[in-house]
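Here is a short note for a colleague opening this model for the first time. Please keep the structure in view while reading the points.

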Amino acid sequence: MTSSTRASRVPAVRAEGLVKSFGDNRAVDGVDLTVEAGTVYGVLGPNGAGKTTTISMLATLLKPDAGRAEIFGYDVVRQSQIVRQLIGLTGQFASVDERLSATENLVIFARLLGLSRADARRKSTELLEEFGLTEAASRPLAKFSGGMRRRLDLAASLIAQPPLIFLDEPTTGLDPRTRGQMWDTIRRLVSTGSTVLLTTQYLDEADQLADRIAVIDRGQVVAEGTALELKASVGQASLILRLQPGSDLDDAQRVIGRVLDVPAIVSPEAARLTVPMSDPDRVTDLLVAFRDAGVHLSEFSVQQPTLDEVFLTLTGKGVEADTAPDDARELEGARA
Ligand SMILES: Nc1ncnc2c1ncn2[C@@H]1O[C@H](COP(=O)(O)OP(=O)(O)O)[C@@H](O)[C@H]1O
Ligand SMILES: [Mg+2]
């Protein structure tokens with residue numbers, strides 16, 4: 001094996017048995033994670049599940065009590081200096097000087113990273129525009145809202161564009177439009193070569209962004225896989241059928257029973273049938289049988305189980321999203 005093929009096989013993150021306790025609270029209780037380079041990995045869990053503590057250990061801000069973790073093959077404890085050069089962490093920019101403007105802060109940050117004066121200016125202007133902060137660019141940072149700071153934070157992490165970027169709840173409390181912008185930016189980061197590990201309380205966010213997802217609850221990974229795998233582990237997809245006026249629900253039910261050998265859930269007022277779909281191959285048979293029986297459909301769709309249902313099944317409880325707008329700068333607490 002050549003060194004380049006070996007390098008490309010080294011995962012961005014490999015963690016085994018990570019443990020961190022605060023007093024007698026085992027905040028992280030034996031977490032294993034593998035994140036392949038060039039992917040988005042989502043760590044999904046409710047408030048207090050141990051997400052921030054986990055990435056704080058991966059980012060060398062907290063020392064694990066037990067277990068080990070490597071970033072691109074470098075040990076987070078023994079080789080923390082190297083690890084720090086490979087990672088970016090939102091929350092770390094925090095601002096150079098609160099009294100200076102957003103532009104000035106970004107320029108200084110870029111200069112610290114070694115960009116020329118002209119490059120630093122150009123990059124800062126570009127990023128502020130991309131993040132919808134042009135209007136506020138000349139305002140002192142002290143006047144920025146929580147959401148604006150978060151965007152500036154991510155902008156700052158784009159200046160260096162490190163190989164691995166940790167995003168701790170990047171969109172918690174953001175309005176839908178800003179959230180969409182964040183998603184686009186995260187996708188762009190990955191398409192230009194970075195690996196992203198993000199934590200989220202939002203099921204749709206993990207579903208939209210992440211190649212793989214670890215569901216974490218009370219410090220433990222309770223499920224891991226692609227969004228599709230997680231959904232499949234919980235239940236099958238359903239067929240949703242709506243009948244045209246004049247078609248008979250009883251006829252439709254009989255056909256479904258005969259062809260698929262499963263009962264349909266019927267809601268008569270909506271002329272709608274929901275049918276568990278264990279074998280997608282049989283759908284064609286069903287449609288042909290409907291036509292032969294003179295049952296006409298006005299609507300036909302396939303519904304996957306939602307990640308909400310996944311979470312409920314895995315942990316026995318739903319997710320209470322924390323929507324406090326300015327509450328996501330928890331890494332500062334973890335670092336203190
Ligand atoms: N610095 C700390 N000191 C004491 N307890 C902490 C500290 N940081 C986190 N915890 C506790 O550890 C658990 C996990 O917290 P955290 O990792 O912040 O969860 P999440 O990021 O998933 O919301 C919680 O019970 C929290 O109260
Ligand atoms: Mg957190």
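Which residue does L44 stand opposite in β9? L44 stands opposite V215. The points below start from that pair.

1. Basis. This is a predicted model, in which local features need pLDDT of at least 70, side-chain atom pairs count only at pLDDT 80 or more, and totals for chains, interfaces and linings use all residues. Residues are numbered from 1 along each chain as its sequence is written, chains are lettered from A and ligands numbered from 1 in the order in which they are written, and side-chain values use heavy atoms, with hydrogens and water left out.

2. Overall make-up. The protein has 13 helices and 14 strands. Helices (H or I, at least four residues) and strands (E, at least two) are DSSP runs, numbered from the N terminus. Of the 336 residues, 47% count as buried. Buried means under 20% relative accessible area, exposed over 50%, and partly exposed in between (1.4 Å probe, protein chains only).

3. Strand β3. This strand spans residues 40-44, and five of its five residues are buried. Both of its faces are covered. V40, G42 and L44 lie on one side, Y41 and V43 on the other.

4. Neighbours of β3. Strands pair if DSSP finds at least two bridges between them. Five bridges join β3 to β8 (residues 195-200), and the two run parallel. Y41 has L197 as its bridge partner in β8. With β9 (residues 212-217), β3 pairs over four bridges, again in the parallel sense.

5. E36 sits in the loop between β2 (25-35) and β3. Why is E36 classed as partly exposed? Because its relative accessibility is 41%. E36 touches R9, P11, A12 and T195, leaving aside residues up to four places away in sequence. Contact here means heavy atoms within 4.5 Å. The C-alpha atoms of E36 and P11 are separated by 4.6 Å, although the two residues are 25 apart along the chain.

6. Contacts across the chain. Take the contacts with a separation of 6 or more: residues 24 or more positions apart account for 69% of them.

7. Helix α11. L287 belongs to this helix, which covers residues 283-293. L287 counts as partly exposed because its relative accessibility is 34%.

8. Surface. The accessible surface of the protein comes to about 16,400 Å², and 49% of that belongs to carbon and sulfur atoms. Accessible areas come from the Shrake-Rupley method with a 1.4 Å probe; for residues, only the protein chains shown count as cover.
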